[in-house]
Amino acid sequence: MREMIKMIVVLTAISMASGGLLAALREGTQERIEIQTLEFVKGPAIRSVLEGSSNDPITSRFQIKDGDALRTFFVGVFDGQPTALALETSAKGFKGDMGLMVALDVKQNKLIGVAVTTHAETAGLGAKAQSDPKFGGQFKGASIAAPPKVTQDGGSINAISGATITSRAVCGGVAGALATYEKLKPQILEKIKEVK
Amino acid sequence: MAKTLTQEFTKGLWAEIPPFRLVLGLCPTLAITNTVENAYGMGIAVTFVLTFSNILISALRKIIPPKVRIVAFIVAIATFVCVVELVMQAYTYSLFMKLGIYIPLIVVNCIPMGRAEAFASRYGIVRSTLDGLGLGIGYTLALSMLATFREIIATGSITLYEKPIAVLGASFEPFKFLVAAPGAFICLGLMLGIMNILGKK
């Protein structure tokens with residue numbers, strides 16, 4: 001009996017100490033891990049869509065509650081004004097979800113750029129949505145009043161040859177991002193002013 | 001005969017160098033020795049876990065009841081592995097991405113467990129620290145050696161930190177086979193053979 005109690009007490013104490021240590025460490029590193037994840041996973045896409053901004057879009061970010069989800073927005077400063085906004089969205093690609101980073105100009109109501117963060121599309125075809133800047137570049141300057149469409153659907157975006165589904169998905173993702181923007185516009189415009 | 005403290009440390013560097021002599025911890029030895037950076041990153045992570053788990057287990061060796069010692073060892077090792085994982089994620093994210101699943105897998109790596117059972121639970125803190133450090137450094141050296149050989153032959157370059165540095169020149173035809181999994185087995189086999197020949201004297 002005594003041995004039994006000793007076993008329980010020792011194991012409980014060790015586990016508690018371990019749990020406490022790890023919880024404290026997690027608390028301490030959480031913020032840094034978040035930044036690192038942003039930097040390495042989404043960083044390249046954010047920097048490519050907000051290229052030329054005078055600030056670091058990853059540090060100039062804010063979050064807004066959208067229903068249950070918490071959305072993150074990245075701000076780019078151009079000519080001293082925080083006018084560029086990048087937001088993340090997802091789309092159903094040819095093979096599963098694609099992550100997209102959509103940047104728009106809130107003053108001129110125009111798209112600045114679209115970049116793919118994560119995808120599982122076919123290498124050499126759909127994967128070009130990420131690797132070929134020509135495809136994402138087509139969105140630049142398009143008005144945000146009407147969601148972009150591929151030429152087959154009567155729009156102006158030339159689909160990647162052999163990857164119409166992927167191209168359509170990217171357009172759909174951009175449309176989703178624009179809808180989110182319209183929905184949260186008052187809060188976004190309020191927050192974006194604070195960025196310097 | 002009892003070993004001196006120096007011997008306790010140096011045995012991990014040659015006489016009991018983990019992958020070649022103890023032939024333990026082979027899963028990461030085969031899997032991540034494709035670049036030198038991965039190899040020493042893994043080695044440092046293992047050294048950290050091994051040293052601290054040895055210290056903790058040695059300190060608690062008289063308190064831990066023998067019947068539940070394995071559970072206690074696993075908790076101690078798993079704790080330090082989580083520490084390594086969080087710290088790597090926070091400060092060396094790109095290395096963390098490359099090593100991926102092999103960091104959490106240190107928990108089931110036989111080296112920390114083996115040292116806990118065979119050494120730390122029997123000897124004092126000073127000896128256990130030296131044992132952990134020695135074996136950890138030995139492991140790091142062994143992985144780095146294997147990785148240097150594999151990477152140079154397979155790609156003609158060497159990755160010490162983030163970017164590969166070309167060492168064999170442009171005319172070198174890369175022997176890609178060595179960077180693939182079977183190449184790892186062959187290299188390890190050759191290394192083990194060399195170690196055996198050298199150790200025969």
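**Figure 1. Polar contacts between chain B and chain A.** Across the interface of chain B and chain A in this predicted model, 5 residue pairs are in polar contact, both residues of a pair being at pLDDT 80 or more. A polar contact here is a pair of N or O atoms within 3.5 Å; within protein, one must be able to donate a hydrogen and the other to accept it, and residues adjacent in sequence count only if both atoms are side-chain atoms. On chain B, helix H5 (69-91) and helix H6 (93-99) each supply at least two residues of the side that touches chain A. H5(B) gives the largest share of that side, 10 residues. Sorted by class, the side of chain B that touches chain A holds 14 nonpolar, 4 polar and 2 charged residues; Ala, Val, Leu, Ile, Met, Phe, Trp, Tyr, Cys and Pro count as nonpolar, Asp, Glu, Lys and Arg as charged, and the others, Gly among them, as polar.

Figure 2. Chain B brings 20 residues to the contact and chain A brings 19, where contact means heavy atoms within 4.5 Å. About 1,800 Å² is buried between the two chains, and carbon and sulfur atoms give 79% of this area; buried area is the accessible area (1.4 Å probe) that two parts lose on being put together, summed over both. The rule finds 1 salt bridge across the interface of chain B and chain A, with a salt bridge being a side-chain nitrogen of Lys or Arg within 4 Å of a carboxyl oxygen of Asp or Glu. Look for B:Lys67 and A:Glu3, whose closest N and O atoms are 3.4 Å apart.

**Figure 3. A salt bridge inside chain A.** Over all chains, the rule gives 11 salt bridges. One of them joins A:Asp153 to A:Arg168, with the closest N and O atoms 2.9 Å apart. This pair links distant parts of the chain, 15 residues apart: A:Asp153 sits in the loop between helix H3 (133-137) and helix H4 (164-192) of chain A, and A:Arg168 lies in helix H4 of chain A.

Figure 4. Helices (H or I, at least four residues) and strands (E, at least two) are DSSP runs, numbered from the N terminus, and two strands pair if DSSP finds at least two bridges between them. Strand E1 (residues 61-66) and strand E2 (residues 69-78) of chain A are antiparallel partners over 6 bridges, with A:Gln63 opposite A:Thr72 in E2(A). Their hairpin has 2 residues between the strands, and A:Gly67 takes a positive phi near 65°. E2(A) also pairs with strand E3 (residues 81-93) of chain A, again antiparallel over 6 bridges; here A:Gly76 has A:Ala84 in E3(A) as its bridge partner. In the turn of this hairpin, A:Asp79 has a positive phi of about 50°.

**Figure 5. The hairpin of chain B.** Strand E1 (residues 157-161) and strand E2 (residues 163-166) of chain B pair in the antiparallel sense over 4 bridges. B:Ser157 faces B:Ala166 in E2(B). With 1 residue between the strands, the hairpin has B:Glu162 at a positive phi near 60°.

**Notes for all views.** Residues are numbered from 1 along each chain as its sequence is written, while chains are lettered from A and ligands numbered from 1 in the order in which they are written. In this predicted model, local features need pLDDT of at least 70, side-chain atom pairs count only at pLDDT 80 or more, and totals for chains, interfaces and linings use all residues, with side-chain values using heavy atoms and leaving out hydrogens and water.
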